[in-house]
Amino acid sequence: MTDKRTFHTASFHTLGCKLNFAETSTLGRMLAGRGVRRAEEGETPDLCIVNTCSVTEMADKKGRRLIRSLAAKYPDATLVVTGCYAQLKASEIAAIPGVDIVVGSDQKLEMMEWLERWAAERATQIAVTPHLDIRRFRPSCERGDRTRYFLKVQDGCDYYCTYCTIPMARGRSRSGRISEITQQARQVAAEGGREIVITGVNIGDFGRDTGEKFFDLLKSLDEVEGIERYRISSIEPNLLTPEIIEWCARSSRAFMPHFHIPLQSGSDAVLRKMNRRYDTALFAERLAIVKEYMPDAFIGVDVIAGARGETEEEWEKSFEFIKTLPFSHLHVFPYSERPGTVALILGDAVSQEEKHRRVGLLMKLSEERQRLFTSSFEGTERRVLWEQPQSPGARMMHGFTDNYLKVTAPHQPELINSITLHRLTAANLSLDAE
């Protein structure tokens, strides 16, 4: 039997957003510095770390299912659960048989301290800071087993949309300093990194606590020699200003024609109930500006189907508005009831059957648009950054164009982390989302 006080190998399991993946990679690097290596495929780990999501009820269910599965598969391993679900429902998670340590959002990067306490006391450890007291910014810039690096520039959210638990899970909006973040990008370049994804919870809110500006951060990053590509991850439409869009289009070399912009609803009445900080007119204007300056841009849009208060009339308005937008892909979520949110009192619930119908219509529209967007580039040549294959011995590899078209090719190790000009065809373009 493994001595649960000794850690030589660890397995890492991440659910949710790109920020979670970046932070999991940071944990892996921290543990490696203490002599704990990543468990190889088929190897029994001494330590299992689960980094959870809690954006929807389904995310919670996935988290519980994964935790129970790992507890059953590795009964002698120390099982640690962290992330948003751990922050929101620590006691619920601690009650799952086999869980040894529950670490909230603010304590995530102090994992070694809690592992040492557990080893000394042999008692379940729960470390959760109340969300209003979460004020520290913890930097992270990692690629894990990917080619692209994920650079965390901001954390937390002060927006309090009525359907969302993220402010309670992640705490107040807080940011790194431009000088420190830029130095992290220089380190990526020194390690041979070619592309950085700028990530956070509400990245356009960068600098709220430091007096700096997101636009100034972008300009500073653009000056880093060696980084050939930046992508801006999800950014609120009211914070994606025309000035930023125009500058990204005209930047010296590095900002890609690729945006992920949450809409959530195409009904102004529903947007008001959600406490969103824009209306449909502003959203349409922002997308029109993107397309004006970057006609080839890939635009991903988040939409929630069946929110409370989304009557049949408001749904029809929303769907018709969405059809007018020049998006490339929809990220569609059925509305999920979240305990403690104001949305629970803002209108009648939409039946599960109706939510699923609306999701289906949005997904069909998304597939049509993504197919149309992808096929419009067949026969053209674009520069592709080739990724490390996810599976050892894989026969195929993939990469992404500047405008986020996924391209497949036979595995050629010498291409990994290189950018090459590649002719796009129906055979090598993929519609699969990463």
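A salt bridge here is a side-chain nitrogen of Lys or Arg within 4 Å of a carboxyl oxygen of Asp or Glu. Keep that in mind as we walk through this predicted model, in which local features need pLDDT of at least 70, side-chain atom pairs count only at pLDDT 80 or more, and totals for chains, interfaces and linings use all residues. Residues are numbered from 1 along each chain as its sequence is written, and side-chain values use heavy atoms, with hydrogens and water left out.

**Stop 1**

Select Lys61 and Glu57: they form a salt bridge, with the closest N and O atoms 3.9 Å apart. The two sit four residues apart in helix α2, so about one helical turn separates them. (Helices, H or I with at least four residues, and strands, E with at least two, are DSSP runs numbered from the N terminus.) Lys61 is partly exposed at 36% relative accessible area, and Glu57 is partly exposed at 38%. On this scale, buried means under 20%, exposed over 50%, and partly exposed in between, using a 1.4 Å probe and protein chains only.

Now show the open sheet of six strands, in the order β2-β1-β3-β4-β5-β6 with parallel pairing. Its edge strands are β2 (37-38) and β6 (125-127), each pairing on one side only. Helix α2 (residues 57-73) packs on this sheet, touching β1 (9-14), β3 (47-52) and β4 (78-83), and its direction makes about 165° with that of β4. Such angles run from 0 to 180 degrees between N-to-C directions, with axes fitted to C-alpha atoms, for helices over the stretch in contact. Two strands count as paired if DSSP finds at least two bridges between them.

**Stop 2**

The whole structure holds 40 salt bridges. Select Arg231 and Glu195, whose closest N and O atoms are 2.7 Å apart. This pair links strand β12 (residues 229-232) with strand β11 (residues 195-199), 36 residues apart. Arg231 is buried at 2%, and Glu195 is buried at 1%.

Next, pick Asp296 and Arg382, a salt bridge at 3.1 Å between the closest N and O atoms. Asp296 lies in the loop between α11 (280-293) and β14, while Arg382 is in strand β16 (residues 381-386), so the pair ties together parts 86 residues apart in sequence.

**Stop 3: two buried loop residues**

Is Gly306 buried or exposed? Gly306 is buried, at 1% relative accessibility, in the loop between β14 (298-305) and α12 (312-323). Beyond its neighbours within four places in sequence, Gly306 contacts Tyr335, Val350, Lys355 and Arg358, where contact means heavy atoms within 4.5 Å.

Then move to Ser328, in the loop between α12 and β15.

**Stop 4: a hairpin**

Select β17 (residues 396-401) and β18 (residues 406-410), antiparallel strands joined by five bridges. His398 stands opposite Thr408. Four residues separate the two strands of this hairpin, and Tyr404 in the turn has a positive phi of about 65°. On β18, Lys406 stands opposite Ser430 in β20; β18 and β20 (residues 429-430) run antiparallel and share two bridges.

**Last stop: the surface**

Finish at Ile345, in the loop between β15 (329-334) and α13 (352-375). Ile345 is exposed, at 69%.
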